[in-house]
Amino acid sequence: MNQEARQRAWRLLEESVVTYRGQPVGTVAAHDPETEALNYDQVFTRDFAISAFAFLLDGRPEIVRHFLTTAVRLQSHERQLDCFKPGEGLIPASFKVTDNGEGEELFADFGEHAIARVAPVDSGFWWLLTLQAYVHVTEDRAFLHQASVQQAIRLLLDLSMTSRFDMFPTMLVPDGSFMIDRRMGVYGYPIDIQAQFFAALCAASDLLDADEPANARYRAALDERLPHLAHHVRTYYWLDLERLNQIYRYGVEEYGPAAVNKFNIYPEAIPDWLMDWLPETGGYLLGNVGPGRLDYRYFGQGNLLACAAGLATEAQTTALMQLIAQRYDDLIGQMPLKLCFPALEGQDWRLLTGCDPKNRPWSYHNGGNWPVLLWLLALVGLRTGADELVERAMSDAERRLLQDDWPEYYDGRRGRLVGQQARRHQTWSAAGYLVACQLLERPERIELLHLGRSVEGASCAAPV
Ligand code: GLC
């Protein structure tokens with residue numbers, strides 16, 4: 001490991017800390033004096049989760065506890081029929097500390113100020129994963145059992161588990177509702193959200209106090225939901241050569257419970273690139289599964305998080321790592337890790353992004369490479385014995401990150417160019433790298449983060 005890179009990353013993380021009334025409460029997303037801040041001067045819930053892991057593994061839990069409490073204070077608490085107010089239970093995408101001369105105040109953004117007004121569906125999930133890691137590292141049960149913390153968990157479950165218009169165990173979301181927070185054709189049932197949903201539900205079932213009567217029906221609902229969710233994703237999202245052969249020969253327009261092609265997928269929709277790209281061994285979880293729709297794109301965060309959390313089976317996890325090893329240039333490249341492969345191009349780009357120049361092919365969310373994902377690569381790689389692959393990815397990354405001043409993302413098929421609009425001094429690029437270093441140094445720390453758990457998939461899921 002490159003000591004200089006590590007020291008620089010820690011310094012960057014320290015410099016990003018935000019305080020509120022004398023206490024550290026989070027880290028800003030980026031601190032790049034050369035670029036307009038927009039909302040990068042705010043504490044993003046999803047970005048801070050990675051900083052939190054780094055602080056926790058370094059034995060510094062205070063900032064994480066203050067962050068968790070601040071987020072509970074900001075969580076939306078009123079049942080809403082007013083469409084301009086955040087739904088009850090929502091955790092803000094980001095917040096900042098303001099001061100108009102009369103003392104510091106917190107200002108939360110639930111997406112109503114963000115570019116394109118996107119809903120932060122993942123914030124609550126990241127809050128739960130942060131809380132879970134905090135509790136496992138510190139064993140601070142007194143904090144966990146506070147009435148406000150237990151209620152915050154229940155509110156999140158009400159918000160995310162209530163049945164609405166669809167009847168799948170997965171979660172239906174609008175476009176851009178997570179790390180990909182721009183229009184990218186990731187509405188419906190994107191894998192990133194399903195992996196986070198699963199990991200967060202596991203966290204909730206671990207964190208809800210068993211002695212609290214108000215928690216009983218939530219615990220029962222979680223026990224019921226988790227196996228169905230696992231079964232659904234493991235069965236319908238998984239793609240390898242065998243499954244591609246099945247899809248290729250699917251019958252269509254099948255009605256009723258005996259249908260094999262449950263989502264009425266047309267084989268003609270299989271994209272040309274996939275036929276030769278998918279290796280003999282190896283596989284991945286598809287980007288999205290819904291009525292008449294399989295999104296064949298590979299999404300790095302969703303796939304690795306599904307493996308980290310135990311949503312993917314062990315065999316699937318091994319197969320994913322085989323795929324990443326065999327398609328190293330495409331999925332890792334010069335700067336780990338490709339967020340989404342392949343990029344949307346031509347008419348697909350026009351229609352699905354609305355001609356978004358920031359997301360033009362092989363840039364940003366649309367095929368860019370994101371160093372923040374290093375922590376997930378390290379976690380899953382080390383667990384599956386792919387140490388060499390992780391070390392190779394890390395040594396390429398640290399050299400460039402140091403030289404380029406910790407950019408937010410890289411562009412190009414192999415991630416060789418600093419992202420065209422990337423901030424430098426991007427906090428989670430440093431934090432993702434640091435967590436990867438911490439795990440490489442002592443792999444037993446993986447268990448401290450305590451992501452997910454082993455869930456047997458329901459052998460016979462509810463009607464899908
Ligand atoms: C961008 C990214 C988002 C991130 C935020 C702050 O909006 O798309 O994932 O949370 O910047 O870094």
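By class, 6 nonpolar, 2 polar and 4 charged residues form the shell around the ligand. Nonpolar here covers Ala, Val, Leu, Ile, Met, Phe, Trp, Tyr, Cys and Pro; charged covers Asp, Glu, Lys and Arg; the others, Gly among them, are polar. The model is predicted: local features need pLDDT of at least 70, side-chain atom pairs need pLDDT 80 or more, and totals for chains, interfaces and linings use all residues. Numbering starts from 1 along each chain as its sequence is written, and side-chain values use heavy atoms, without hydrogens and water.

The shell residues include A29, Y40, F44, M179 and W428. Each has a heavy atom within 4 Å of the ligand. Polar contacts (N or O pairs within 3.5 Å) are listed here.

| Side chain | Distance to a ligand oxygen atom |
|---|---|
| R46 | 2.9 Å |
| D47 | 2.6 Å |
| H365 | 2.8 Å |

Taken alone, the ligand exposes 310 Å², and the protein buries 95% of that. These areas come from the Shrake-Rupley method with a 1.4 Å probe.

T170 sits in the loop between α6 (147-161) and α7 (191-207). T170 is buried, at 3% relative accessible area; buried means under 20%, with a 1.4 Å probe and protein chains only. Beyond neighbours within four places in sequence, T170 contacts (heavy atoms within 4.5 Å) residues including Y189, F197, R225 and Y237.

The structure holds 0 disulfides (cysteine sulfur pairs within 2.5 Å). For C307, the nearest cysteine sulfur is that of C202, 14 Å away. C307 is buried at 7% relative accessibility. C437 is buried too, at 0%.

Definitions and conventions
Polar contact = N/O pair within 3.5 Å; in protein donor to acceptor, adjacent residues only side chain to side chain. Helix = DSSP H or I, 4+ residues; strand = E, 2+ residues; numbered from the N terminus. Buried < 20%, exposed > 50% of the residue type's maximum accessible area, 1.4 Å probe, protein only.
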